[in-house]
Protein chains: 2
Amino acid sequence: MQTLKRKRRTMSPPVIIAGSFLFLIFVGTLLLKLPIATTTHISWIDALFVVTSATTVTGLSVFDPGSTLTIFGEVVLMVLIQCGGIGLMTFAVAILILLKKKIGFQNRIYIQESFNQNSVGGIIKLVKLILTFVLSVQLFATLVLTIHWIPTFGFKEALYLSVFHVISAFNNAGFALFPDNLIGFAHDPIVNIVLSLLFIIGGIGFTVVVDIQQKKSFKQWSLHTKMMVVGTIIINVIAIAFVFLLEYNNPATIGSMPLQDKLMVSYFQGVSPRTAGFNTLNYGDMEDPTILVTMVLMFIGAGSASTASGIKLTTFIVIVLATFSFLRKRSEPELFGRSIRLETVIRSLAISTISLFIVCFFLFLLTVTEKISFLPLAFEVVSAFGTVGLSMGITSQISDVGEVLLCMVMFIGRIGPLTLFFILMKPKNVHYRYPYDQVFTG
Amino acid sequence: MQTLKRKRRTMSPPVIIAGSFLFLIFVGTLLLKLPIATTTHISWIDALFVVTSATTVTGLSVFDPGSTLTIFGEVVLMVLIQCGGIGLMTFAVAILILLKKKIGFQNRIYIQESFNQNSVGGIIKLVKLILTFVLSVQLFATLVLTIHWIPTFGFKEALYLSVFHVISAFNNAGFALFPDNLIGFAHDPIVNIVLSLLFIIGGIGFTVVVDIQQKKSFKQWSLHTKMMVVGTIIINVIAIAFVFLLEYNNPATIGSMPLQDKLMVSYFQGVSPRTAGFNTLNYGDMEDPTILVTMVLMFIGAGSASTASGIKLTTFIVIVLATFSFLRKRSEPELFGRSIRLETVIRSLAISTISLFIVCFFLFLLTVTEKISFLPLAFEVVSAFGTVGLSMGITSQISDVGEVLLCMVMFIGRIGPLTLFFILMKPKNVHYRYPYDQVFTG
Ligand SMILES: [K+]
Ligand SMILES: [K+]
């Protein structure tokens, strides 16, 4: 009884994670409502929406950030993106390290929860490694982009734009300071390559990055790393091919472009939907099948313990493998000479079910509150859930109630649907089992 | 090696089931193309479409059956519906019983596959019981409807209409001989009650009906029966409430009706989508949220071993239970003091995954082939997959390629997605297990 009472009094990691995000959103909204943050008046709801979008690294916006925000407002946005992206927990620990304070066991548990790490021991080392890696990559990318942009914008502006877009890309936020996002750079290979590499690295998951850094050959990699690397390559190739083939003859998108630009835009719009959310094309002009494929990609998302949301690529792969192994009358899924526990399959099932439920539930509410046609609305909800930030162009038409609903979707998408439900549900750790009974399914 | 070879030569139950449906569709299409079957010329594709729709008890139609078909054509439709609905296998065995031929072990295996029955012993008894039950219910309902319709149509026409609509309702086919389906009977309580009871009984699954007949108290029922009965009541109450509340103020549907008609129409359109497919409202006029709820209901469907398709209500319940038990850190789902095997959970996962894949895949193809807006198209595909037959009114606008695609969806929906994939995949029955490795999900 004594230990039970003590447990209840301390907050659980899911509560801490959710609370930290809420705190960031609260402070951010106050800052963005300051007169020095914007060039024109914005409503509280609009401020809340854009701050939630930045903190959850989504990138949806009800106004054009480049023209509406002052430098101060843009810096607030950048800080929120960096905090929300590389993870509040890493951030908190980084400050603790800088202040040379002792990191308590409790704190390490939270970090463990954030990064899915199994042993508490390696956490501090992991955090240091991550921060070093993040800063090196961001610095290098900023250097490249600044040099590339100096001829167009001059040194000062080029540096500022580079810092903002590198932070936005690495954290998979998808915010850009140009009124048409990155459509103006559709034909610019440097911008396309630098930004896409940034969001692919940021979205693949820090455990994968660490694994690749520490073990040099494919064979030594963990199953998770192999799955993420091979899975990312396969799903990106498929996605690029789909965009290319489906939009090939669409004059509103890539139809009238020369072949090499068709390929570059298809590449960018193939890899971007699994959480980055930048666009070099107008999604309102795309064909319905491309929109459908994009929605599936947004729902799947990228890697666990990354700047990405969605159900995650590994969850998707586990479900596909489990389905195949069932059809082949094998009980446990297998890949690369390793078996996956049924526990992991059930976890993937739970994640996907809750995620589908959340998307359908909020889409349902939005069809009630909004007078917007179905497909753009569905696209918006999936985009918010996957914290992607792509839109068919309806974000600014959404009502105040709708904006609050989308904020909730982005928040749930970012903290993860399981985190939310672990907060809401009490575990039932009793040791009995009822007798089995047969249920006919399908 | 010897047994392996012999196994491959005999056809497996999934192949027999799929083959029987294809044979019925083939013969049906030939019959419907006979000049005596229709009042006007119909194309081969249109004949194939309506025959597939009837055999798979869907109810989608590219022409108005009441005015396009002759009595001969309508009888062909009725026979196809009865065969496709109560199951080709039962039908085949019934004929064997009538001819007093010995039913081979092989035949009984096929029936076992059709009805999910575990012991081969009780199959013949079960089939007799089912046929007696089906005929009694259909006769009684025909009697009631004929008496009710005599004042309007006269005896002969009333009897004929009753037989057709009773067969269509019991088999969950959703075909009606009136140009507006059942909209003309929206305010007729007898028609509403008789037809809805028929399709609810037909859709709950024969094993459930048998279980209820044999065991008088709730406590004695199997877990499957309890799940189906309680689940059907709960999902129907929720569905009715949704239709009522969402359409309450819609002048194009129930908005201008008196309260009791509002309730009756909501009742009918709440219980119909989970596979019956009759409509007393025009779905083209419904609100988007009602359409979304209806799509979810159509995807879920009714009972296993019934005239219904969809993933099945039990599959849906098992997935919801598994998700909850995972969140409460229990490994196996529980209900009514019984545990459900993880095997059943994985089976449900496989069914749902394949079903979602099939719906998304064919919807994708249709967005490429058709110039119809997204929501009506998605509604049509889900309706075909659940062999429901509701439509937002676009069936006759679909291209020839689109019709063939929808035929494939109806066929897969009716034989069951697992049946299809068991035909396509070879089992891998080897006895080893790789070492486990951790995968981070979600
Ligand atoms: K994003
Ligand atoms: K039907």
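Helix α3 of chain A (residues 44–55) comprises 12 residues and spans 16 Å from its first C-alpha to its last, close to the 16 Å expected at 1.5 Å a residue; the expected span is 1.5 Å times one less than the number of residues. Helices (H or I, at least four residues) and strands (E, at least two) are DSSP runs numbered from the N terminus. The model is predicted, with pLDDT of at least 70 required for local features and 80 or more for side-chain atom pairs, while totals for chains, interfaces and linings use all residues. Residues are numbered from 1 along each chain as its sequence is written, chains are lettered from A and ligands numbered from 1 in the order in which they are written, and side-chain values use heavy atoms, with hydrogens and water left out.

Helix α3(A) is largely enclosed by the rest of the structure, because 9 of its 12 residues are buried. Buried denotes under 20% relative accessible area, exposed over 50%, and partly exposed the range in between (1.4 Å probe, protein chains only). The buried residues of α3(A) are Asp46(A), Ala47(A), Phe49(A), Val50(A), Val51(A), Thr52(A), Ser53(A), Ala54(A) and Thr55(A). Just after this helix, Val57(A) adopts a positive phi of about 45°.

Chain A as a whole contains 19 helices and 2 strands. Of its 442 residues, 60% are buried. Contacts (heavy atoms within 4.5 Å) were also sorted by sequence separation: among those in chain A between residues at least 6 apart, 68% join residues at least 24 apart. The chain exposes about 18,300 Å², of which carbon and sulfur atoms supply 68%. Accessible areas come from the Shrake-Rupley method with a 1.4 Å probe, and for residues only the protein chains shown count as cover.

Part of the surface of chain A is a nonpolar patch made up of Phe23(A), Phe26(A), Val27(A), Leu30(A), Leu31(A), Leu34(A), Ile36(A), Trp44(A) and Phe72(A), with about 850 Å² of accessible area together. Patches consist of residues with over 30% relative accessible area and no salt bridge, like charges being joined within 9 Å and nonpolar side chains (Val, Leu, Ile, Met, Phe, Trp, Tyr) within 5 Å. A salt bridge places a side-chain nitrogen of Lys or Arg within 4 Å of a carboxyl oxygen of Asp or Glu. Helix α2 of chain A (residues 13–32) gives the most to the patch, with 5 residues. Leu30(A) lies in this helix and, at 42% relative accessibility, is partly exposed.

Helix α10 of chain A (residues 189–204) has 16 residues and reaches 22 Å between its first and last C-alpha, close to the 22 Å expected at 1.5 Å a residue. Its buried residues include Val191(A), Asn192(A), Val194(A), Leu195(A) and Phe199(A). At the start of α10(A), a side-chain oxygen of Asp188(A) comes to within 3.1 Å of the backbone nitrogen of Ile190(A). Gly205(A), just after the helix, takes a positive phi of about 105°.

Most residues other than glycine have a negative phi. Asn172(A), which is not a glycine, has a positive phi of about 60°. This residue is in the loop between α9 (155–170) and α10 of chain A and is buried, with a relative accessible area of 0%. Thr387(A), also not a glycine, has a positive phi of about 40°. Thr387(A) is located in the loop between α17 (374–385) and α18 (400–415) of chain A and is buried at 0% relative accessibility.

Phe362(A), in helix α16 of chain A (residues 342–369), is buried at 6% relative accessibility. Leaving out residues up to four places away in sequence, Phe362(A) touches Val381(A), Leu405(A), Met408(A), Val409(A) and Ile412(A). Phe362(A) and Ala378(A) are 16 residues apart in sequence, with their C-alpha atoms 9.3 Å apart.

In chain B, Thr395(B) is situated in the loop between α17 (374–385) and α18 (400–415), and Ser391(B) likewise lies between α17 and α18. Both are buried, Thr395(B) at 6% relative accessible area and Ser391(B) at 18%. Their side chains make a polar contact of 3.1 Å. A polar contact is a pair of N or O atoms within 3.5 Å; within protein, one must be able to donate a hydrogen and the other to accept it, and residues adjacent in sequence count only if both atoms are side-chain atoms. A polar side-chain atom of Ser391(B) also lies 3.5 Å from the backbone nitrogen of Ile394(B). Beyond four places in sequence, Ser391(B) touches Leu60(B), Tyr283(B), Phe379(B) and Glu380(B), while Thr395(B) is in contact with Phe49(B), Leu60(B), Ser61(B), Val62(B) and Glu380(B).
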